[in-house]
Amino acid sequence: MSEPLLSIRGLRVGFRTEHGLAPAVEGVSYSVRQGKTIGIVGESGSGKSVTNLSILRLIPSPPCEIGAGEILFEGRDLLKASQRELRALRGGKIAMIFQDPMSSLHPLMRISAQMMELTRLHLGLDKPAAKEHSIAMLRKAGIPDPARIADGYPHLLSGGMRQRVMIAMALSTSPKLLIADEPTTALDVTIQALILDLIRRLRDETGTTVVLTTHDLGVVAGMADRVVVMYAGRVFETAPAAELFRNPGNPYTRALLRSIPDVASTGDGKREKLFQIPGLPPVLTNMNANECPFAPRCPDAKALCREAPPPFVQVGPDHFSLCWEAKA
């Protein structure tokens, strides 16, 4: 079996604050092979975006501090790469779709100019060829009248169209790895479906590996080959997608699944009340290192859960859960 294209091992990332170091990511590990999709899910503040931004070291330091770990891309540790090496990777072999399409494009540059900047740098195209390539990628992204859109400015486009432009731009250099950081945030459900279908189709056509981050387990159900569930900066569960949905092994994962709205009514015609996880995620600067971070909100918490951090237990083939109650 081939080596993973991306492998994160024991990553620890914190932010220096007036109250001390806030541990945003604590020992995160996962890997993904070429052409596969891994879904990273969890509530807001669970460390998903920080992990993604750390791959290309896009978080300013200070206040960010990467305390430990490895981020291996094609066998090379990106945490040891120089800024020159990282610039060669950013937008080239590794592309990223940011979660806010309304502010991710430069408002004073034409769409084509922003796309051409990438292709001329990473593909070595001259100006006319780069312009034609940009139009072709916009067309592939399902944008009508791509030549006209290419000559326009971002403010003339809707959020969904801007996100399509971001996807076209990200894939214009045929990257080996695409990091999609909540690409459907603030989009209505119809546009969400179109965006996810576009990422899926272009992934299948190009063989690009995808890291798809979202707070919604429903989004990754039809996209991911494997799912990583994060909470309080930690990996709480990881499993093949079908296995995780069929047999969730962690109370937090089960709570997330219960939180997915169900449009079906009960037998008496009444709809069930939408489930919500009680309480709030922990404050990162005030966490108790001697208990499970989810224990204060967990309906299954035992005394042991508040006395010692839980172990990472294998509950099935390639299925692991961070929980004292997890069993094979």
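Which residue just after α1 takes a positive phi? That residue is Arg57, at about 50 degrees.

A word on the model before going on. This is a predicted model, so to speak of a local feature takes pLDDT of at least 70, and side-chain atom pairs count only at pLDDT 80 or more, while totals for chains, interfaces and linings use all residues. Residues are numbered from 1 along each chain as its sequence is written, and side-chain values use heavy atoms, with hydrogens and water left out.

**The whole protein**

The protein has 10 helices and 12 strands; these are DSSP runs numbered from the N terminus, helices being H or I with at least four residues and strands E with at least two. Its C-alpha trace spans about 65 × 55 × 45 Å along the principal axes. Buried residues make up 48% of the 328, where buried means under 20% relative accessible area, exposed over 50% and partly exposed in between, with a 1.4 Å probe and protein chains only.

Among the buried ones are Lys48, Asn52 and Ile55.

Strand β9 (residues 226–231) has 6 of 6 residues buried, so it too is largely enclosed. In a regular strand the side chains alternate between the two faces of the sheet. In β9, Arg226, Val228 and Met230 point one way and Val227, Val229 and Tyr231 the other.

What does β9 pair with? Strand β3 (residues 37–41) pairs with β9 in the parallel sense over 4 bridges, and two strands count as paired if DSSP finds at least two bridges between them. Val41 has Val229 of β9 as its bridge partner. On the antiparallel side, 6 bridges join β9 to β10, and Tyr231 stands opposite Arg234 in β10. The hairpin of β9 and β10 has 2 residues between the strands, and there Ala232 takes a positive phi near 55 degrees.

**An aromatic cluster**

Tyr231 also belongs to an aromatic cluster with Phe236, Tyr252 and Phe294. A search of the whole structure finds 6 aromatic pairs; rings of Phe, Tyr and Trp (its six-membered ring) pair if their centres lie within 6.5 Å, and planes under 30 degrees apart count as stacked, over 60 as edge-to-face and the rest as tilted. Two of the pairs share Phe236:

| Pair | Centre to centre | Angle between planes |
|---|---|---|
| Tyr231 and Phe236 | 5.4 Å | 70 degrees |
| Phe236 and Tyr252 | 6.1 Å | 75 degrees |

Phe236 lies in strand β10 (residues 234–240) and Tyr252 in helix α10 (residues 251–258), so their pair ties together parts 16 residues apart in sequence. Phe236 is buried at a relative accessible area of 1%, and Tyr252 is buried at 0%.

**Around Ser112**

Ser112 is found in helix α3 (residues 111–122) and is buried, with a relative accessible area of 5%. Leaving aside neighbours within four places in sequence, Ser112 is in contact with Lys131, Ser134, Ala150 and Asp151, contact meaning heavy atoms within 4.5 Å.
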